Amino acid sequence: MEHRGNTTTAFRLLPERGYFQNRGVDVMAFDDIYPEGHQSGVSIIMHGHRVATNGDIRLEQTPGQWQPVPKQLERTVDPEANRITTRLAWPDRDRHLRGFNPMIYPDFECEYTVRVEADGDRIQIKVDLDREVPDFLLGKLSFNLELFPGDLVGTPWLMDDQAGFFPEQPNGPVLKLPSNHAHTGDFARPDARADRDILADGGRGYSPIIADDQIAVPYAVGRRFVCRPDEALRRFAIESHGTELKLYDGRMNHNNGWFVLSSEVPAGATEGAVHWTIIPTVIPDWLYAPVVQVSQLGYHPGQTKRAVIELDARDEARREPELVRLDAGGETVVLRAAAEEWGEFLRYRYLHFDFTEVTEPGIYQLRYGASRSAWFRIAADVYERGVWQPVLEYFLPVQMCHMRVNEKYRVWHGACHLDDARMAPVDFNHIDGYVQGPSTLCRYQPGDPVPGLNVGGWHDAGDFDLRVESQAGEVYILTLAYEAFGVDYDATTIDQERRLVEIHQPDGKNDILQQIEHGVLTVVGGWKALGRLYRGIITGRLRDYVLLGDSAAMTAGIAGDEDDRWVFTEDNPPRELVTAGQLAASARALAGFNDELAADALAAARELFRVTVCETEAARHAKLFAASELFLTTGEAVYREHLLAETDYVAGALEKVGWFVARVEAKLADARFTAAVRSGLPALQKSFAQKSAATPYGIPYEPYIWGAGWGIQRLGFEYYFLHRAYPDVFDAELLLNALNFVLGCHPGSNTMSFASGVGSRSATVGYGLNRADWSYIPGGVISGTALIRPDFPELLVFPYLWQQVEYVLGGGSSHFMFLALAAGQLLAEG
């Protein structure tokens, strides 16, 4: 049926939500706070899909993640006036040449106001500046609105009497403009330690941070723009009063860019500098279609089977879900019953449908009215093949640094970073959170080649860096999986001498031990080379950091030249002590497989425990962790005594330390320690139960900007040890619910499994080294469903949204592998 908009309906500002709503269309205004991740400013959600975002003043027409962003000062929600007023300012001095990802602000100081107001069936946006635009920003400073390219490619647009299609790739010609970086402002705080020239790569060629000098010529210029005139559910118009609209392709100067509708602020304009009218098509009878959420993989016959059905909050109709089994003769309805009302969460209403009673093996689908789940299995071997194995078969091999990785005809990447690494500059704020203090903390000086670092390790996601917590953390999870489940699996050749990996070519060695070895090689290699742990190893050039493609192309492989990666050090007692515990655990796994490396790992762990000073709560927790793993490895009295001396503290900190204390408590064989821990378990279990009951998914889950999948898997991993040690207090349901969440039982309309290649429908577009190909790495686990504030769960199929589809090391995939193995073990035990 053709949907037609009804212009008699009106937007209203929902005071309890803080955004405008007109039936199935929502307009948010400056509630989200992540412009680098395309989550900020004015956003439009139409009939269950976010179609536009980042409506705000920017310093160029097509900014990327490295360009300056304004500082939000104040946001006022006025329901009586049907208006949201936001006060913002340039620059944000907290981000100029400092912070997690430093930015370079031009010499422009200005406060401005954006008023977003409901006006019947449309939204008015008006921008007032406190000053005129300086000459160097004329033709640059604009009000922009970004349009999501994933849904637009191949679809039409209209601009006045012009028409076109959003193209598959950005198309020239290219427009050359003067760069804002010729006018850098003097806004540096005393602790601003980023180097402008390093960030800009000395001005040599393209730099992601100087990407405003060559942009796409606009596809169209006019006064009235219509997006998706072919589809009423996504159709909206924008009219500009006094300034032209220009349609740009932000992918021209940033591969991860979006389409951008932009109006330049005219010379001399202040009050009313920009005035847009947004006119969305509103479908009066539209309701969000019910979403049936199940594990895309399926269920063991013996486990609880509970589907979640997500409904529009206005949907009062109720239908009986049907569970259908598929066999050679067709489909059979095996269960039809009423669903149980759960309540409201985020913006939706939820039902539960329990089909635990169904245990017959087979292929099933759950139906609710016209809505369908994916097909899934019920089988005793549901967790046995093609579930955790892709992590070992594909993901970890592909991420291996300092190796060439082959898969039959395919080369995932060449032998890379064989020139690692040079000592990073001192007193220096680099990208991605890397900071070097006033000293290198070792015998090497800035710029010195540091031998022994070109071995082992895994690239973190698509960033190609090696963080010590990612490396040691990955080693630790793999070690505990090896110990808990006796993993013995060989599908890969890993040849350290030849620096060669051959996927699906067994070499007679246990893959999980070879991967543990590979991780320990980098951590111990750094320890031996530097006399301390490294903070991490990362490229010194921003353009290499954003590299799409073969990691071997990042450097020339010649040690000591300017393209070598940098190694950073730090004084961080909590991280050092956690790494000590992780290394101690790895020594157990490596014993008998690589005894020399096991001895080195244990020696480093002992020394870190001995010399690291604890002055913070975090360091105290970390020392307890290190002591636990060192005691499990060595049985030595010094670690037992440290734990027993902290008995009272442990009893009061079980929420933080309980999971790893559970691993060691019985082996300590101390009645007082056991009694103290036991006394705190009921309160911990109650906390888990209360937090789990607050969501329809049976797990503690507080949505935020980043997808919560990694954190939920980490919780499930930790919870396993509480369940194994104290099954009388902690049942297995939270762990299984965490796994189901990752496998598809999670909020929002996109119910794909976060684990790439696992389940009937999974994340086959991921933020990894092959993201430019809109592809995936089997066994990689994405970050997952994110939150568009305040209440819209979203999981887009788009390879450049790291907060939704990024892979990671030190958790993510390995935590998923652990949970899948745990589920198989626990359900087999009955």
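Helix axes are taken as lines fitted to C-alpha atoms over the stretch in contact, with angles running from 0 to 180 degrees between N-to-C directions. In this predicted model, the axes of helix α6 (residues 573-590) and helix α7 (residues 595-611) cross at roughly 155° and come within 8 Å. Because angles over 145 degrees count as roughly antiparallel, α6 is roughly antiparallel to α7. The crossing of α6 past α7 is left-handed. On the α6 side, the contact is formed by E576, L577, A580, L583, A584, S586, A587 and L590; these meet D595, L597, A598, A601, L602, A604, A605, L608 and F609 of α7. Classified by residue type, the contact of α6 with α7 comprises 14 nonpolar, one polar and two charged residues.

Helix α7 also packs against helix α8 (residues 617-634), where the axes come within 11 Å and cross at roughly 140°. The two helices, α7 and α8, are therefore oblique to each other. Here too a left-handed crossing is found, with α7 passing α8. Residues L602, A605, R606 and F609 of α7 make this contact with K623, A626, A627, L630, T633 and T634 of α8. Six nonpolar, two polar and two charged residues take part in the contact of α7 with α8.

The largest nonpolar core contains 165 residues. Those with the most contacts inside this core are I512, I516, V567, Y697, F816, M817 and F818. Beyond residues up to four places away in sequence, V567 touches A421, R422, M423, A424, Q436, V450, L453, L530, Y534, G536 and I537. A second, separate core has 58 residues, including L152, M159, A220 and V282.

How values were computed:
Residues numbered from 1 in each chain as written. Predicted model: local features only at pLDDT ≥ 70, side-chain atom pairs only at ≥ 80, totals over all residues. Heavy atoms only, no water. Core = buried A, V, L, I, M, F, W, Y, C linked by side-chain atoms within 4.5 Å. Buried < 20%, exposed > 50% of the residue type's maximum accessible area, 1.4 Å probe, protein only. Contact = heavy atoms within 4.5 Å. Helix = DSSP H or I, 4+ residues; strand = E, 2+ residues; numbered from the N terminus. Parallel < 35°, antiparallel > 145°, perpendicular 65-115°, else oblique. Left-handed = near helix turned anticlockwise from the far one by under 90°. Nonpolar A, V, L, I, M, F, W, Y, C, P; charged D, E, K, R; others polar.
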